[in-house]
There are 2 protein chains.
Amino acid sequence: MLPVGEDALDEGFELDPAFVEDVAAALRADDKPWARSLVSDLHYADMADLLERLDREDRRLLVEAIRDDFNADVLPELAADVRDEVMDALGFEDFATALTELDSDDAVYVAGKLDAAERDQVLARMPQATRALIEHGLSYAESSAGRLMQRELVAVPNYWTVGETIDYLRSTRTTPDKFHAIFVVDPRHRPQGVVELHRVLTSKRPVKMADIVDPEIDVIPVDMDREEVAFLFRQRNFSAAPVADKSGRLIGQITIDDVVDVIDEEAGQDILKFAGVRATDESSLYRSIMSTAQSRFLWLFINLGTAFLASSVIGIFESSIEKLSALAVLMPICASMGGNAGTQTLATVVRALATRDLNASNALRIAWKEIFVGLINGFLFAAITGAIAYLWFKDPLLAIVIASAMIINLIAAGFAGIAIPLVLDRWGADPADSAVVFLTTVTDVVGFFSFLGLATWIML
Amino acid sequence: MLPVGEDALDEGFELDPAFVEDVAAALRADDKPWARSLVSDLHYADMADLLERLDREDRRLLVEAIRDDFNADVLPELAADVRDEVMDALGFEDFATALTELDSDDAVYVAGKLDAAERDQVLARMPQATRALIEHGLSYAESSAGRLMQRELVAVPNYWTVGETIDYLRSTRTTPDKFHAIFVVDPRHRPQGVVELHRVLTSKRPVKMADIVDPEIDVIPVDMDREEVAFLFRQRNFSAAPVADKSGRLIGQITIDDVVDVIDEEAGQDILKFAGVRATDESSLYRSIMSTAQSRFLWLFINLGTAFLASSVIGIFESSIEKLSALAVLMPICASMGGNAGTQTLATVVRALATRDLNASNALRIAWKEIFVGLINGFLFAAITGAIAYLWFKDPLLAIVIASAMIINLIAAGFAGIAIPLVLDRWGADPADSAVVFLTTVTDVVGFFSFLGLATWIML
């Protein structure tokens, strides 16, 4: 027998593929005790990875094997599609029990990812108090601080001393499993400040808690957008911050680990959106084939439209191409270079908008810079492309035409690369989401039109 | 006079553009006291943003105005190009003094971003002890745990009790400004475990520190890659972890806020690399025009090569295009759709590799899935494109040719979209970095070759 939990991870703390195979073999041999002993020492995040890596049938068998000591902390770590399958295997009853064991922020997160019908089934099987807490959490907008926050926290009156606080913490069993800060509140339960734990430990017993609050930590309104919350945590290096409702009462806390999830999710989604993958969940790797094909169809369909638009520009010059077939050979080059140069600008701008480095104060300056960058690279690539075109077709006019079209399209690319995301952002749209379609439409149309148009005008 | 520090931020805690303008106006009016009073209450991260948003000359003036009470914590928050200008304005002497005030991890980070010549100038002006500490930090590889770690930490012997620990923390002034955990070490200073501060506060005085260590927190080897460190923190929800040297001695700690920076930087760089922007620094927004143009040149040059490769494929079929100019009009469509479909797959795979959702256990399964997705969307877009081509050119053979080429290229795109990043990853290359060039080369060549080749074979 394998040393349990020993060989599960490789030296990078990732699940070892051989271990995944061992578990799958045990499950297929219907040897539940063996499978159970293999996974018994796994950390809940590694268990979530294991469930994700097994195929559908083995996943069901594993859930069956570990049902009796299923660790609820696995659930928030799973990709949504895998979690749905785990819920089917557990059944609503056991799934509801697991949710009850989670911290309120995790329970709200998991419940929020369920279909409305499934959610009703699960909530109906929960104790009244937990159910009310989750329903209250779900009443906040999906991208708000209210959804991120955890209700469990440690709050003390503002007249307490360090000594009283420590005595209270040692005597009570009602504190959360983990906490990074203590909140100081007034008699109406409004947050007066946050005391980080190291300040409690380095202060003498008679010191007033109100005197050692961190003056830099702000109160987060429950309806603040989660991206703003993440920005604030990053900017001010918070480890925990209080959340207050409209009347100013302390109703929860947001901790740095919640913010790590937000940063990771938002940054990861940007690359997917950029490439035209609808990122409805943090990972679409576990989606079924049909669902994946469907989710990508819309973006490809829009691209087909822009491809036909580009074709119709070429169609205008069909008679020029009939006269000079070299035009057909060279015409994709300017369009392709424009698309690539524009995408470079676009990615820089999308990233700068996400990190809030770009805003009204410097937009105009950056726009001019991008246009100049386009101009410089435009001249360089005009020279290179013109020279190659001349060597290939021995036609100086053709070389001049492609060089001129290159300059025009790289300037257009620089301008479109900054203007499109800024306009989308101003309109409240997500600049990462649809900017590439607009951009390549511009660079294809300008690329083909300038090259074929100049050729028709100068050469034919 | 404006209420100082009051109107500096908007409701989203971002710098207000009007405030930036006020500061610039004060600086240009050469009214240093006014400028100083405007910025005196700014948080250091907001001060860094302000410096970034001012233009070059105003930036120099502001540094001049605040030189006497310059907050060193501003430095790590600046984009590298802006930091270089701030260093020029401060001078090596004052810059060195500022570095000395920083925590060791921040000082190493800032020193590591300097040119070798500048770094020598700065280090030469520092006290011997600080200098040795920074040089030691710089001796670790740039992407290693050693660069991330902070030397300042709280360690106690493994036989101490909670009471002894609290008494020590209250009596000493040598603890770091902030700490999230206490490290328990054996007599040879090897880490025995980590005690999170809430465990100290909720335990009674006679409890042994060694009995309340968190069993899940691992020791991080000093040469571990920072992406692995980030993965481990995310996976296990650490807030702080000990770093040990080769002999197993505790030499530093990594905290969650360092990891947030890594996650943010890596995820943000992926979108830039994906678009072919060399992300040598977290933001290239503040680079000069020439430096920006230069940094983008290489990628565009490689793209020019692939564009000419695609042109040479078209060149093979020049005589076919001469006979049937409709081929020139329609030929970009399959290539463009292949490029877009392949990029969708590529982004999904790059993201899944980054989050470690994709590995040897499931690569083959995901590869088959992507090829099937290509097949399904291939058939759908073959039908749509064929229909439009028929309505446009009234040629059933042309419609069949474009439809067949579409299926071929979307399957090729799905295959290339997963194979290219996996091969790059296996070779130890960064899959986000150069995958798009290889991908579009494949989809352009297959797209043009299949469409023009089938047309030549079937129609001419």
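Visitor: In what order do the three strands of the open sheet of chain B stand?
Guide: In this predicted model, chain B holds an open sheet of three strands with mixed pairing. The edge strands, each pairing on one side only, are β4 (220-221) and β6 (250-255) of chain B.
Guide: Strand β4(B) is joined by two bridges to strand β5 (residues 240-244) of chain B, and the two run parallel. Within β5(B), the bridge partner of B:Pro221 is B:Ala244.

Visitor: At about what angle does helix α14 of chain B run to β6(B)?
Guide: Helix α14 of chain B comprises residues 256-274 and lies across β5 and β6 of chain B.

Visitor: Which strands of chain A stand at the edges of its open sheet?
Guide: Chain A has an open sheet of three strands in the order β4-β5-β6, with mixed pairing. Each edge strand has a single partner strand, so one side of each is left without a neighbour in the sheet. The strands at the edges are β4 and β6 of chain A.

Visitor: In what sense, parallel or antiparallel, do β5(A) and β6(A) pair?
Guide: Strands of a sheet pair through backbone hydrogen bonds, in either of two senses. On one side, strand β4 (residues 220-221) of chain A pairs with β5(A) in the parallel sense over two bridges, where A:Pro221 stands opposite A:Ala244. With strand β6 (residues 250-255) of chain A, β5(A) forms five bridges, and the sense is antiparallel.

Visitor: Which residue of β6(A) stands opposite A:Val243?
Guide: Two positions illustrate the pairing of β5(A) with β6(A). The bridge partner of A:Pro242 in β6(A) is A:Gln253. Opposite A:Val243 stands A:Gly252.

Visitor: Which residue in the turn between β5(A) and β6(A) has a positive phi?
Guide: These two strands form a hairpin, with five residues between them. The positive phi in the turn is about 90°, and the residue is A:Gly248.

Visitor: Is A:Ser404 partly exposed or buried?
Guide: A:Ser404 lies in helix α19 (residues 396-426) of chain A, and its C-alpha is 8.8 Å from that of A:Gly386, 18 residues away in sequence. It has 19 other C-beta atoms within 10 Å, whereas a buried residue needs 20 or more. A:Ser404 is therefore partly exposed.

Visitor: How far apart are the C-alpha centres of domain 1 and domain 3 of chain A?
Guide: Chain A is divided into domain 1 (17-148), domain 2 (155-273) and domain 3 (289-459). Between domain 1 and domain 3, the C-alpha centres lie apart by 47 Å.

Visitor: By what kind of axis are the two copies related?
Guide: Chain A can be laid on chain B with an RMSD of 0.2 Å, by a turn of 180° and a shift of 0.0 Å along the axis. The copies are thus related as by a two-fold rotation axis.

Visitor: Which helix gives the most to the side of chain A that touches chain B?
Guide: The contact takes 106 residues from chain A and 106 residues from chain B. On the side of chain A, these residues divide into 54 nonpolar, 29 polar and 23 charged. The element giving the most, with 17 residues, is helix α17 (residues 326-354) of chain A.

Notes. Residues are numbered from 1 along each chain as its sequence is written. Chains are lettered from A and ligands numbered from 1 in the order in which they are written. This is a predicted model: local features need pLDDT of at least 70, side-chain atom pairs count only at pLDDT 80 or more; totals for chains, interfaces and linings use all residues. Copies are superposed by least squares on the C-alpha atoms of residues with pLDDT of at least 70 in both. Domain bounds come from an automatic or database domain assignment. Two strands pair if DSSP finds at least two bridges between them. Helices (H or I, at least four residues) and strands (E, at least two) are DSSP runs, numbered from the N terminus. Two residues are in contact if their C-beta atoms, placed from the backbone, lie within 7 Å. Axes are lines fitted to C-alpha atoms, for helices over the stretch in contact, and angles run from 0 to 180 degrees between N-to-C directions. Ala, Val, Leu, Ile, Met, Phe, Trp, Tyr, Cys and Pro count as nonpolar, Asp, Glu, Lys and Arg as charged, and the others, Gly among them, as polar. A residue is buried if 20 or more other C-beta atoms lie within 10 Å of its own, exposed if 12 or fewer, and partly exposed in between; C-beta atoms are placed from the backbone.
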